[in-house]
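Visitor: I am new to reading protein structures, and I would like to go through this one slowly. Could you show it to me and take my questions in turn?

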Amino acid sequence: MKSANENIIRLLSVLSLSSLLFLTVSAQTDETNSTVTGKTNSTDAMAIQLLVDTFSFTLAAMSLGDPCQPGSYLWVTCSSDDTPRITEINLHGYSLVGVNLPDFSAMDALEKIDLGANILLGGEFPDFLANFPKLKVLYLVGTSIYGTVPMSLKKRLDNKTLQLMLPATGLCFSDEAVCPAQTETGTGTRNSPGTDGETSPGTVEETSTTNSFTPTRTKSSKKKTVPIALGTGIPIFVIFWAVVGFLAINHQKGKAAAAAGKTNGNLQDLEGAAENILPDDQGVNTDRQTHPTV
């Protein structure tokens with residue numbers, strides 16, 4: 001009986017020590033989590049949440065917890081400060097859909113904003129995009145954003161302190177509500193080379209400093225291209241069908257010649273067969289005359 005009591009006491013002691021150890025570890029874990037959660041600059045965290053809420057269908061599942069700690073969101077880059085700041089937003093090709101970007105200009109440590117390759121992201125150009133003092137790269141190529149771009153961005157572009165990459169059409173530099181009327185001057189800008197109007201993210205593109213993103217020369221070049229294409233295509237089309245017709249005629253002639261040759265061959269075979277048959281008939285008649293029937 002005594003040994004049984006001792007075993008129970010030992011068991012209770014082990015359980016007590018295990019419970020104490022578990023509580024100690026839990027307390028340390030909670031303390032660690034309390035120092036990590038919310039460590040990102042609170043202003044940045046609230047501003048980034050505006051983007052998550054606006055594009056929740058795309059971003060909600062991949063934007064859980066703190067934006068920077070213990071690991072940053074896939075589309076966010078943070079500084080290494082004790083209180084991290086969000087320095088980059090990269091939503092290139094994230095299939096964002098909407099006509100109004102939320103104002104996230106409270107993130108005044110942003111250096112790069114890439115919203116490119118989101119064709120369903122439209123609406124007027126947000127003026128707050130000119131309010132980021134440390135912004136070095138603004139990439140909007142491949143979106144449907146239109147309207148006026150603040151002149152302050154053009155000044156930073158001219159001073160080479162900002163890489164500004166915008167859609168080739170639908171935008172102009174102006175502090176007015178609408179773009180000024182375009183003239184047939186042939187001037188304009190293309191902020192990203194190539195026919196598809198888009199460059200790969202992160203590349204440095206030379207951007208023109210004129211104040212129009214809707215060049216009229218694009219239309220004139222199309223007008224010139226159409227006659228050239230027609231003038232080249234029609235002769236090729238005619239020559240092609242002439243060659244096809246010539247080949248078809250020769251093919252028909254060849255078939256007719258082959259058919260005639262085959263007919264002549266058949267006639268010659270019939271004549272030869274007839275010649276082979278006639279001597280046999282004559283021999284039969286001779287035998288009948290030599291051996292007349294009684």
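Visitor: By the distance rule for sulfur atoms, how many disulfides does the count come to?

Guide: This is a predicted model, in which local features need pLDDT of at least 70 and side-chain atom pairs count only at pLDDT 80 or more, while totals for chains, interfaces and linings use all residues. Residues are numbered from 1 along each chain as its sequence is written, and side-chain values use heavy atoms, with hydrogens and water left out. A disulfide is a covalent bond between the sulfur atoms of two cysteines. Taking a disulfide as a pair of cysteine sulfur atoms within 2.5 Å, the count comes to two.

Visitor: Which cysteine forms a disulfide with Cys 68, and where is that partner?

Guide: The sulfur atoms of Cys 68 and its partner are 1.9 Å apart, and the link is left-handed, with -80° about the S-S bond. Cys 68 lies in the loop between H3 and S1, and the two cysteines are 10 residues apart. The partner, in strand S1, is Cys 78.

Visitor: Is Cys 172 buried or exposed?

Guide: Cys 172 forms a disulfide with Cys 179, their sulfur atoms being 2.1 Å apart. Buried means under 20% relative accessible area, exposed means over 50%, and partly exposed is in between, using a 1.4 Å probe and protein chains only. Cys 179, at 30%, counts as partly exposed, whereas Cys 172, at 1%, is buried.

Visitor: In what order do the five strands of the open sheet lie?

Guide: Strands are DSSP runs of E with at least two residues, helices are runs of H or I with at least four, and both are numbered from the N terminus. Two strands pair if DSSP finds at least two bridges between them, and S1 and S2 pair in the antiparallel sense over three bridges. Within that pairing, Thr 77 stands opposite Glu 88 in S2. Across the sheet the pairing is mixed, and the order is S1-S2-S3-S5-S7.

Visitor: Which residues is Thr 58 in contact with, leaving aside its neighbours within four places in sequence?

Guide: Thr 58 has its place in helix H3, which covers residues 56-59. Although Thr 58 and Val 97 are 39 residues apart in sequence, they are 9.0 Å apart in space, C-alpha to C-alpha. With contact meaning heavy atoms within 4.5 Å, and with those neighbours left aside, the residues are Tyr 94, Ser 95 and Leu 96.
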